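Me: Got a model open here and a few quick things to ask. Can you walk me through it?

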Amino acid sequence: MEERGTTTGVRERPAAETAGGGGRSRRVERIMSAINREPLTAPHRTRNDTVLAVGVAVLAVAIALMGGEGTWPDPLGWTLLLTAHVPLVWRRRHPVVVLLGVAACVAPYHGLDNNHALPIPATLLALYTVAATGTVRRTLLTGVAVLGPTVIINGLTNPKGALEFLRISGWIIAVLFIGIDVRYYRRYVASIVERAERAERTREEEARRRVVEERLRIARDLHDLLAHSITLIGVQASVAAHVLTADPERLDRTAVAQALDDIAGTCRTARGELRTTLEVLRAHDAVVEVGGDLGAGSGSGAGSASVSGFVSGSGSEDMRGPLPGIDGLAGLAESGRVAGAKVELSVRADGIPPSVGAAAYRIVQEALTNAVRHGGREDLTVRVGLWTADGALRVSVSDDGTGGSADADGGAGPSDGTPGFGLVGMRERARSVGGTLDAGPGPAEGFEVTATLPLPREDGTR
């Protein structure tokens, strides 16, 4: 029969083979989980140790039935042998006490010259538990304490059995070293798991932090966009209203039409920028929705990875679209002139990185909006200057208006005097690129905003 293949050319395995492989894989995982589990905190340890103690006792009986060297135990010997397996039920809770209990039963058993091979499994299990759950010092002291009586008993019962003594000592030392090795292996696995969990928590915290930063960035963009556009629309609407009411008999239709055209242009510009920002939000919602679907099917890690993919790396920069820069300052100056202010723009800077240029653009936009809103003069003059000096981009926006106190107190608050977030947003813009910003009354009159935005050096640092 011809085998059916997938699109990748890999043969489809029968369901029974797949199920068998999965069953073996799960059994291997359970075995490795039992080995790696900390014995002192393992679930159902008393139940499991009870089963183990019964199994070791059955093994001792099986060794006796198979015969071999040694005297068949008498009733007292059988009582001591089986009693020695009872403390193994609590071997992980009190390993040293269990070892002493086993030794208390095994020592008279050997003294009665019974079959010396039968108690070996129980004794080695108790020794292994002490080594796997305690410190190296305790394990070494236990080894010395066990080997001493063993040497004495072996010397009394078999003075010429030097080979037997070496064999017994070798088993004891080997079991102790296996217990120490397993203990260190479990600690190593626990440290790896802890580091992985800590790294996962760090990634999740970083993803949440970046999501918060992204939301704050969008909030700043919306604030700057709406504050600037609404301020210009308000000023232009005031111009149109003034023309309509100043001299109704000699209505200047051209001025009114120009003011309305300026309002329409400002609305179109604001609508375009607002659409770009909302597209970023919609893309964010789509990525989070896909991440949630993945997380529902394959665990929370998929969802966290999707969020991390949105808020980190170059992907988020792509969804933001082109950042505004110093090339757009001419448009800001023109919008200020349309609003009735005289804007003097001077730019002496080339090769500004996009992040620094975007911060400078938003600072100038907010400062110009504040000047137009709070200037308080019809012949307001706003001077905007950008230049590079000492490895930084210097930004200066000053006006000769009379609204300096309002800016200093509220910072881009609305015209009713309610404090806003203008100065706070400008300082955040400056800090986002490692810079500083100062704002306050000018040296002679008006209000002045100055910012210093460091430029990246050749090595990538600021």
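Me: Start with Cys267. Buried or exposed, or in between?
Reply: Cys267 has 30% relative accessibility, so it counts as partly exposed. Keep in mind that this is a predicted model.

Me: And what about Cys105, buried or exposed?
Reply: Cys105 is buried, because its relative accessibility is 13% and the cut-off for buried is under 20%.

Me: How many disulfides are there?
Reply: The count is zero. A pair of cysteine sulfur atoms would have to lie within 2.5 Å to qualify.

Me: Switching to strands. How covered is strand 3?
Reply: Mostly covered. Strand 3 spans residues 392–399, and seven of its eight residues are buried.

Me: Which strands does strand 3 pair with?
Reply: Strand 2, residues 381–389, pairs with strand 3 in the antiparallel sense over eight bridges. Strand 5, residues 447–454, also runs antiparallel to strand 3, joined by seven bridges.

Me: Give me a partner on each side. What does Val382 bridge to in strand 3?
Reply: Val382 bridges to Asp399. Toward strand 5, Ser396 has Thr450 as its bridge partner.

Me: What happens at the turn between strand 2 and strand 3?
Reply: Those strands form a hairpin with two residues between them. Asp390 takes a positive phi there, near 55°.

Me: Last one, His374. Where is it?
Reply: His374 is in helix 12, residues 354–374. His374 has a relative accessible area of 14%, so it is buried.

Me: How far is His374 from Phe447?
Reply: Their C-alpha atoms are separated by 9.5 Å, though the two are 73 residues apart along the chain.

Technical notes: Residues numbered from 1 in each chain as written. Predicted model: local features only at pLDDT ≥ 70, side-chain atom pairs only at ≥ 80, totals over all residues. Heavy atoms only, no water. Buried < 20%, exposed > 50% of the residue type's maximum accessible area, 1.4 Å probe, protein only. Helix = DSSP H or I, 4+ residues; strand = E, 2+ residues; numbered from the N terminus. Pairing = 2+ DSSP bridges.
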